[in-house]
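Let's walk through this fold together, one neighbourhood at a time. Keep the sequence and the 3D view side by side as you read.

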Amino acid sequence: MTHATKAIYKFLLSDYVKASKVSIEIMLYDVQDILRSMDKIEVTRHVLGAAMFMADIAGVRVLYTGDYSREEDCHLCAAEIPQFSPDICIIESTYGVQLHQPRNVREKRFTDVIHSTISQGGRVLIPAFALGRAQ
């Protein structure tokens, strides 16, 4: 996970524990579990909120990864490739195998709309619905 994600990880999960309405016996984890997990997190360079977790379950290596990109961009490096080969790989994906216009084309279209709106006296509000989008 990224440095920024690790910095907020403890607080996000601790909020779950504080706000949870379930009993301690059925809670998935507690604050002590969160604190113990901090040393096991490897820091990488990628989307805020994204992470890869590898678990060894009865000798089977399972890699779970949040949405990732191997494409460099203006504020993030490409996701790193793990140094091991998992037996099972589970990948969360927002866009899957969709093809997109090149980043520079999308960024130009985006900034052109902003400049046009502002030059006409308008205002621009950019909603960010997820941690990764908020960067």
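Which residues does Thr 65 touch, not counting residues up to four places away in sequence? They are Ala 51, Met 52, Ile 90, Ile 91 and Glu 92, where a contact means heavy atoms within 4.5 Å. Thr 65 has its place in strand β2, and Thr 65 is buried, with a relative accessible area of 3%. Here buried means under 20% relative accessible area, exposed means over 50%, and partly exposed lies in between, with a 1.4 Å probe and protein chains only.

A word on the ground rules before we go further. This is a predicted model, in which local features need pLDDT of at least 70 and side-chain atom pairs count only at pLDDT 80 or more, while totals for chains, interfaces and linings use all residues. Residues are numbered from 1 along each chain as its sequence is written, and side-chain values use heavy atoms, with hydrogens and water left out.

Now the overall plan. The protein has three helices and three strands, and from the N terminus on its elements run α-α-β-β-β-α. Helices (H or I, at least four residues) and strands (E, at least two) are DSSP runs, numbered from the N terminus. Of the 135 residues, 19% count as buried. The protein exposes about 10500 Å², and carbon and sulfur atoms supply 59% of that area; accessible areas come from the Shrake-Rupley method with a 1.4 Å probe, and for residues only the protein chains shown count as cover. Among contacts between residues at least 6 apart in sequence, 60% join residues at least 24 apart.

Let's return to the strands. They form an open sheet of three, in the order β1-β2-β3, with mixed pairing. The edge strands are β1 and β3 (88-91), each of which pairs on one side only. From one strand to the next, the twist averages 15 degrees, with axes taken as lines fitted to C-alpha atoms, for helices over the stretch in contact, and angles running from 0 to 180 degrees between N-to-C directions. Two strands count as paired if DSSP finds at least two bridges between them. Strands of a sheet pair through backbone hydrogen bonds, either parallel or antiparallel.

β1 and β2 (residues 60-65) pair in the antiparallel sense over six bridges. Met 52 stands opposite Thr 65 in β2, Phe 53 has Tyr 64 as its bridge partner, and Ile 57 stands opposite Val 60.

What happens at the turn of the hairpin of β1 and β2? There are two residues between the strands, and Ala 58 takes a positive phi near 55 degrees. That is a positive value in a residue other than glycine. At 82% relative accessibility, Ala 58 counts as exposed.

The largest nonpolar core has seven residues: Tyr 9, Val 17, Met 27, Tyr 29, Ile 34, Met 38 and Ile 41. A nonpolar core is a set of buried Ala, Val, Leu, Ile, Met, Phe, Trp, Tyr and Cys residues joined through side-chain atoms within 4.5 Å. In soluble globular proteins, nonpolar side chains tend to be buried together. Ile 34 touches Tyr 9, Lys 10, Leu 13, Ser 14, Val 17 and Tyr 29, not counting residues up to four places away in sequence.

Gln 32 lies in helix α2 and is partly exposed, with a relative accessible area of 45%. Gln 32 and Ser 14 are 18 residues apart in sequence and 9.7 Å apart in space, C-alpha to C-alpha. Follow the chain onward to Lys 40, in the loop between α2 (31-37) and β1 (52-57). Lys 40 is exposed, with a relative accessible area of 72%. From Lys 40 to Phe 53 there are 13 residues in sequence and 9.8 Å in space, C-alpha to C-alpha.

Finally, look at helix α3 (residues 103-119). Its 17 residues reach 24 Å from the first C-alpha to the last, close to the 24 Å expected at 1.5 Å a residue; the expected span is 1.5 Å times one less than the number of residues. Just after α3, Gly 121 takes a positive phi of about 85 degrees.
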